[in-house]
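Me: I am new to this structure and would like to learn how to read it. Could you take me through a few features, one at a time?

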Amino acid sequence: MTKAATLYGAKIQTETLRPGPLRPANIIRNKFPTYKNGSNGIVIKLADGPEMPPLKEIVAKETADLLDRRQRLSVRELAMKFEKGLNTATLLSNEVEILAVQLSKREAELLQQKEEVTKLAKSLKQASEDAKRIVEEERANAHTEIESAKNAVQRVQQAVQEHEKMAQSTGKQAMDLENEIRILRKTFAEKSTDCVNLLKELELHKRLKENGTPSFNLEGFQCLGSMLRIVALSGTHMDLSNISIQWFRIHPKESNKEIISGATRPVYALEPHDVGRYLQAEIDVGGEIAVAKTAGPVDPDAGLVDYVETLVRKPETEFNVVLLQLNGTEEPKESVHVLNVGRLRMRLTKGKTVVAKEFYSSSMQLCGVRGGGEAASQAMFWQPRNDLSLVLAFETARERNTAIMLARRFAIDCNIILAGPGDKTPW
């Protein structure tokens, strides 16, 4: 822009300094006299005109005029340039103000981002420190546990070595003691059987003295996993299929009878609720009630409680079962299913098909089958909900009782008591 202005000013100056025609002839004429050829060859001097100013003055005057004109043109040009510069400056000022506002906003955003980044960095730093501290604590705990385990292993090894030394020195004595214990156990079992038989005879004589009704006895081992059968003691065989029978549980201390709903057959399979109680069967013979009662409380299955406690540590346990009845309808005996007893629910499946899957609830019922039959000790009644009931057969009576005890244990952890139909006091 400056170069254009300079060229433009130079052009104006050139045009300003360019004078009009100086008429040299007039200048010469003003300086020298004028002659004319007259007639007869006579040269006539023409009269001189008005006297003209000197050339120096004319040049000075023209120069002054040029300078004045140049000065006026320079002022106008400067005014125009100033106006243009003012407009440009105004535009630049507005743009600068806009840029300043944008810059302020950007600075605010950057400050906010900086604060957020700072907070995030502090959080990450704190998290890193916490993680480092936790790792150090876990490492220290692990080191302590490892040292404790090493010490325990050393103690166990020492104990094993001492035990081996003692076993080597007292091996013969231990074998003798084991034989003696085996003999004592056999003798105790024989004496216990004799005591039970004597108690049964005493109970029989007592009932015979009280009334003259036919006498009955309960045949079978009085322990969990066994079956009790009503037999007549009159010496003759009696058909009990058409006789009214009802089984009861009796608490050894309270002596109150608890009816066992559905147990109305001559044969009854003991279930875990019966352990620690007397079992009594009442037989209605022509309006007379005959009573058959166990000689003592039902004994538990040896080792079953400890086995169930080991299964409690597992999230669930599977049992192979056969579905005998579904809602009272007989099912094919080859219908093998899998029963899962878990911490929160029970599930019965056949392959990928789910037959029943319910959480433990107050409406769920679970007990041994009470309808009799030779396989009653291996069968279980399960009612997951009000509209569904099943009868399942296990491979052994011990598995049946294990499943019942395990399910009841898990249900108790859920504040639910699983019992059979009509049961009031499960333990």
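Me: Let me start with the open sheet of three strands: what is the order of its strands?

Reply: First, a word on the source. This is a predicted model, in which local features need pLDDT of at least 70 and side-chain atom pairs count only at pLDDT 80 or more, while totals for chains, interfaces and linings use all residues. Residues are numbered from 1 along each chain as its sequence is written, and side-chain values use heavy atoms, with hydrogens and water left out.

Now the general idea: strands of a sheet pair through backbone hydrogen bonds, either parallel or antiparallel. Here the order is β3-β4-β7, and the pairing is antiparallel. β3 (216-219) and β7 are the edge strands, each with a single partner, so one side of each has no neighbour in the sheet. On average, neighbouring strands of this sheet are turned by 25 degrees against each other, direction ignored. (Strands, E, of at least two residues and helices, H or I, of at least four are DSSP runs, numbered from the N terminus; two strands pair if DSSP finds at least two bridges between them.)

Me: How many bridges join β4 and β7?

Reply: Strand β4 (residues 227-232) pairs with β7 over three bridges. M227 has A269 in β7 as its bridge partner.

Me: Which strands does β8 join?

Reply: Strand β8 (residues 278-285) runs antiparallel to strand β5 (residues 244-250), with seven bridges between them. Six bridges join β8 to strand β9 (residues 288-293), again in the antiparallel sense. Look at I283 in β8: I245 stands opposite I283, and A290 is the bridge partner of I283 in β9. β8 and β9 form a hairpin with two residues between them, and G286 in the turn has a positive phi of about 60 degrees.

Me: How many salt bridges does the structure hold?

Reply: A salt bridge is a side-chain nitrogen of Lys or Arg within 4 Å of a carboxyl oxygen of Asp or Glu. The structure holds 16 of them. One joins D274 and R249, at 2.4 Å from N to O. This pair links distant parts of the chain, 25 residues apart: D274 is in the loop between β7 (267-269) and β8, and R249 is in strand β5.

Me: Are D274 and R249 buried or exposed?

Reply: Both D274 and R249 are buried. Buried means under 20% relative accessible area, exposed over 50%, and partly exposed in between (1.4 Å probe, protein chains only). E258 and R277 form another salt bridge, with their closest N and O atoms 2.8 Å apart, and these two residues are also buried. R249, E258, D274, R277, R370 and D423 are linked in a network of salt bridges.

Me: Where do D130 and R133 sit in helix α3?

Reply: D130 and R133 are separated by about one helical turn, because they are three residues apart in helix α3 (residues 55-169). Their side chains meet in a salt bridge (3.8 Å, N to O). D130 is partly exposed, at 26% relative accessible area, and R133 is partly exposed too, at 42%.

Me: What contact does the side chain of R408 make with L366?

Reply: A polar atom of the R408 side chain lies 2.9 Å from the backbone oxygen of L366. R408 belongs to helix α6 (residues 397-413) and is buried, with a relative accessible area of 2%.

How values were computed. Polar contact = N/O pair within 3.5 Å; in protein donor to acceptor, adjacent residues only side chain to side chain. Axes fitted to C-alpha atoms, helices over the stretch in contact; angles between N-to-C directions.
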